[in-house]
Amino acid sequence: MSWLSETLPIKRASHVYLVQGDQLLLVQEKMDDGSIFYGLPGGKARPGESLAAAAERQVRQETGLTISELNFVSLLEGEILAGTPHACFANFGRFTAQFTGELMPTDPEVVGVSWVPLGQVENLMRYGPPPECEERSPLIWLPTRDFVRGQPRSYYPI
């Protein structure tokens with residue numbers, strides 16, 4: 001951690017691994033360049049909101065599903081996008097959960113929701129240079145890669 005950590009804004013977010021059989025639920029979002037980005041359901045926590053509450057709210061908006069029985073999987077923590085106007089200190093929680101409901105996203109940024117075979121998830125991981133989108137950083141996808149391979153760790157320093 002550098003001296004910048006004390007002055008950088010903090011970005012807190014939650015993402016959820018929703019598994020059905022041998023498939024993982026991914027959301028698709030349209031990027032500014034028109035390309036489609038695949039990601040986990042979830043997103044930024046609001047001020048004062050717990051990571052668990054953010055996970056529940058974001059999954060409902062992005063997928064239409066109601067989640068319960070959140071189980072912690074991993075935490076990503078550290079400075080991201082250093083040296084850019086988007087630099088921040090990040091705390092990203094990853095969880096698994098039970099779910100009910102039908103896939104009916106209400107988030108206008110979500111253009112699709114798909115069950116993807118675990119063996120194909122890594123093929124959808126796209127990386128790009130910051131500050132385009134921090135979610136395209138290999139460091140952000142590393143926990144998902146480990147999760148689909150059955151080798152998740154509880155902590156990932158960024």
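Predicted model: local features only at pLDDT ≥ 70, side-chain atom pairs only at ≥ 80, totals over all residues.
Local features need pLDDT of at least 70, side-chain atom pairs count only at pLDDT 80 or more, and totals for chains, interfaces and linings use all residues. Residues are numbered from 1 along each chain as its sequence is written, and side-chain values use heavy atoms, leaving out hydrogens and water.

**Strand 1**

Helices (H or I, at least four residues) and strands (E, at least two) are DSSP runs, numbered from the N terminus. Strand 1 spans residues 10–17, and six of its eight residues are buried. Buried means under 20% relative accessible area, exposed over 50%, and partly exposed in between (1.4 Å probe, protein chains only). Two strands pair if DSSP finds at least two bridges between them. Strand 1 runs parallel to strand 7 (residues 88–100), joined by eight bridges. There, Val-16 stands opposite Phe-95. With strand 5 (residues 42–44) the pairing is antiparallel, over three bridges. Ser-14 has Gly-43 of strand 5 as its bridge partner.

**Salt bridges**

The whole structure holds three salt bridges. The criterion is a side-chain nitrogen of Lys or Arg within 4 Å of a carboxyl oxygen of Asp or Glu.

| Pair | N to O distance |
|---|---|
| Glu-49 and Arg-57 | 2.8 Å |
| Asp-146 and Arg-145 | 2.7 Å |
| Glu-122 and Arg-149 | 2.9 Å |

Glu-122 lies in helix 2 (residues 118–124) and Arg-149 in the loop between helix 3 (138–148) and strand 9 (155–157), so their bridge ties together parts 27 residues apart in sequence. Glu-122 is partly exposed at 29%. Arg-149 is partly exposed too, at 45%. Glu-49 and Arg-57 are both buried. Asp-146 is buried at 4% relative accessibility, while Arg-145 is partly exposed at 27%.
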